[in-house]
Amino acid sequence: MALWFAFLRGINLGKRQMKMAELKACLEGAGLGSVKTVLASGNVRFEAEGDADAIRSQLESLIEKQFGFAVGVVLRSEAELQAMHARHPFGRLDSAADVTRHVLMFDRPLPQGLSLPDRPGHTEILRMDAREIYIAGYRQPDGRYTEGVEGVLKPLYDRLDKNALDTMRNWNTMEKMLK
C-alpha cells in the first residue's frame, strides 16, 4: 500500500467540528491502513491503494457520511510531500527573522504565468510550484503574521477556477507529517 497525506479544508471552525479520534476510526473502518492524525486541524497520514482521484473521492464521501457535512480534501502522495521538503522552499529566509512559514496547497495546477506581488517585510511569496505557494509572513507591530496574505493572494483568486480547492498549512505541520 502507498503512503498518502490528506489535508482537510475548513474543519473545526464553527459548527464544522470533528474529533481526530473519530476521523481516525472512520478511516480505519473503511480499510485504510496506518492512519495517523496530526494536530486537530484535519491532517491525516494513511496507507491506501488506488489513484489520487479515487482516494480523495473516497475520503470526501466517508467524511460527509460520518460527520454530516462536506469537506474538501487536498491530497499528496509520499513522493510529492518528500519533494516539497527536499526543495527547501524556506531556505533563503533569514534564520533570525520573526517569521511564520506557510504552504498554500491546491487540488489542481495553478494558472500559467501567474505572478503575485510581494510585500517585503510583511508577506512574501518565496516560491510557486505547480500546485503549491510558499509564503513567509513577518511579525507585524500588532503581533500578527499573516494578516495581509489575502491582499497578496487576490490576483491568484481573481484568475483561479472557482471550483478549485485550496488549504493552507503552517510549514511546521508539514514537517510533522513525514515523521
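**Entry 1: the sheet**

I started at Arg101, which stands opposite Ala136 in E7. I'm working on a predicted model, so I keep that in mind throughout. Next I looked up the two strands that pair here: E5 covers residues 99–106, E7 covers residues 132–138, and they run antiparallel over seven bridges.

Then I went for the whole sheet. What is the order of the strands in the open sheet? I noted E6-E7-E5-E8, four strands with antiparallel pairing. Strand E6 (123–128) and strand E8 (166–170) are at the edges; each has a single partner strand, so one side of each has no neighbour in the sheet. From one strand to the next, the twist averages 25°.

A reminder to myself: strands of a sheet pair through backbone hydrogen bonds, and the pairing can be parallel or antiparallel.

Which helix packs on this sheet? I found helix H4 (residues 149–159), and it touches E5, E6, E7 and E8. The direction of H4 makes about 20° with that of E5.

**Entry 2: Arg45**

I moved on to Arg45, which I located in strand E3 (residues 43–48). Is Arg45 buried or exposed? I wrote down buried, and yet Arg45 has no salt bridge. The nearest side chain of opposite charge belongs to Glu78, 6.0 Å away.

What does the side chain of Arg45 reach? I got the backbone oxygen of Leu178, at 3.2 Å. I also listed contacts of Arg45, leaving out its neighbours within four places in sequence. Among them are Leu3, Trp4 and Phe5, then Ser34, Val35 and Lys36, and also Met177, Leu178 and Lys179.

Ser34 isn't a glycine, but its phi is positive, about 45°. I noted this because most residues other than glycine have a negative phi. Ser34 lies in strand E2 (residues 33–38), and it is exposed, with a relative accessible area of 52%.

Which other residue did I look up for a positive phi? I had Asn12, also not a glycine, with a phi of about 60°. Asn12 sits in the loop between strand E1 (2–8) and helix H1 (20–29). Its relative accessibility is 23%, so I put Asn12 down as partly exposed.

Conventions:
Residues are numbered from 1 along each chain as its sequence is written. This is a predicted model: local features need pLDDT of at least 70, side-chain atom pairs count only at pLDDT 80 or more; totals for chains, interfaces and linings use all residues. Side-chain values use heavy atoms; hydrogens and water are left out. Buried means under 20% relative accessible area, exposed over 50%, partly exposed in between (1.4 Å probe, protein chains only). Lys and Arg count as positive and Asp and Glu as negative; His and the chain ends are not counted. A salt bridge is a side-chain nitrogen of Lys or Arg within 4 Å of a carboxyl oxygen of Asp or Glu. A polar contact is a pair of N or O atoms within 3.5 Å; within protein, one must be able to donate a hydrogen and the other to accept it, and residues adjacent in sequence count only if both atoms are side-chain atoms. Contact means heavy atoms within 4.5 Å. Two strands pair if DSSP finds at least two bridges between them. Axes are lines fitted to C-alpha atoms, for helices over the stretch in contact, and angles run from 0 to 180 degrees between N-to-C directions.
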